[in-house]
Amino acid sequence: MDFFKYTSIAVEFAPKELWVQLLLGGLCFAIVFIFEAIALYTIAVRNGYKNKWMAFIPFFNTYYIGVCSEKNRFYNVSTKTIGLATAILEVVLVGLYTFSLVSSTLIDPYLVEVEDTYLGMSVITYQINVDAVPENLKWAAWVFMYMDRYILRIVNLIFIILDMILLICFFQTYASRRYVLFAVTSILFPVMGILFFIVRNNKGVTYKDFVRAEQAKQYEQYQQYRQQNYNNPYNQNNNQNPYNRNNSQSGSDPFDGLGGTDGNAGGDPFDDFDKK
């Protein structure tokens, strides 16, 4: 799907010729795809996964992302299953986009520019002049009016959700600390292959094990901090513990002289008040 993202970007900068836009979009897609394929192949070799050739084939490599992410599951659903569903939906979506592109090209002479105002800004949209469309192109008009606006958006939304889940599992395995950042960035921008290439040499881990290891590390640091900054009487030996001192070590009682007569302890401290 990154191919269509690159093509939409090329539309803004390239000449209006469609073949130029497709060429630029395809070139950018090929470069990033090579990074992704190398990354998946490297991970597969290190972990001994089979069918490494899938990393270099479009659509198959989407399923192979699930293969490389099998150390983590999504609510007990295998990442292979998620990868397969995402790959199938990707094929369907590419077919719909291609069909929509062809129909838009055929219907282009019958489109009319309409200027509208949105949030105080002038926006130009395109509407089709249905009456001017010949009978043999009515299907293309239907595609432009309904499939692009409704069917494609719904299918694309489902694909984004599945792709997001798949990428979360992948980056939880190979970039546990930043898996949310990497997954969201891959969805919003067509740089997934580059991020895959960055984490290709990381050791795959189960995310639960990663969390346990982080918690153990934080607890160890907390214990070290307590020992270095606090004088805890319960963490000392017998010679230092004030609650374990014997009589010879404890010294004299600071209250021994109170209440005594002529310096002798044990007397009534109020004897002087009874004297007349």
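**View 1. Helix 4 crosses helix 5 in a left-handed manner in this predicted model.** Two packed helices are described by the angle between their axes and the distance between the axes. Here helix 4, which covers residues 79-107, packs against helix 5 at an angle of about 155°, and the two axes lie 9 Å apart. Because angles over 145 degrees count as roughly antiparallel, helix 4 is described as roughly antiparallel to helix 5.

**View 2. T173 is a buried residue of helix 5.** Helix 5 runs over residues 138-174, and T173 belongs to this helix. The relative accessible area of T173 is 0%, and because buried means under 20%, T173 counts as buried. If the neighbours within four places in sequence are left aside, the residues in contact with T173 are C68, S69, K71, N72, K203, G204 and V205.

**View 3. W142 and Y146 form a tilted aromatic pair.** The model has a count of 14 aromatic pairs, and in the one formed by W142 and Y146 the ring centres are 5.9 Å apart, with 40° between the planes. Both residues, W142 and Y146, lie in helix 5, where they are 4 residues apart, about one turn of the helix. W142 has a relative accessibility of 43% and is therefore counted as partly exposed, while Y146, at 39% relative accessibility, also counts as partly exposed.

**View 4. F170 and F196 form a stacked pair.** The ring centres of F170 and F196 lie 4.1 Å apart, and the planes meet at 20°, so this pair counts as stacked. The pair links distant parts of the chain, since F170 sits in helix 5 and F196 sits in helix 7, which covers residues 192-198, and the two residues are 26 residues apart. F170 has a relative accessibility of 0% and so counts as buried, and F196, with a relative accessibility of 0%, is likewise buried.

**View 5. A cluster of aromatic residues is linked by ring pairs.** The members of this cluster are F170, F171, Y174, F182 and F196. Among them are F170 and F196, the stacked pair of the previous view, and of these two residues F170 comes from helix 5 and F196 from helix 7.

Note on methods: Residues are numbered from 1 along each chain as its sequence is written. This is a predicted model: local features need pLDDT of at least 70, side-chain atom pairs count only at pLDDT 80 or more; totals for chains, interfaces and linings use all residues. Side-chain values use heavy atoms; hydrogens and water are left out. Buried means under 20% relative accessible area, exposed over 50%, partly exposed in between (1.4 Å probe, protein chains only). Contact means heavy atoms within 4.5 Å. Axes are lines fitted to C-alpha atoms, for helices over the stretch in contact, and angles run from 0 to 180 degrees between N-to-C directions. Angles under 35 degrees count as roughly parallel, over 145 as roughly antiparallel, 65 to 115 as roughly perpendicular and the rest as oblique. A crossing is left-handed if the near helix is turned anticlockwise from the far one by less than a right angle, and right-handed if clockwise. Rings of Phe, Tyr and Trp (its six-membered ring) pair if their centres lie within 6.5 Å; planes under 30 degrees apart count as stacked, over 60 as edge-to-face and the rest as tilted.
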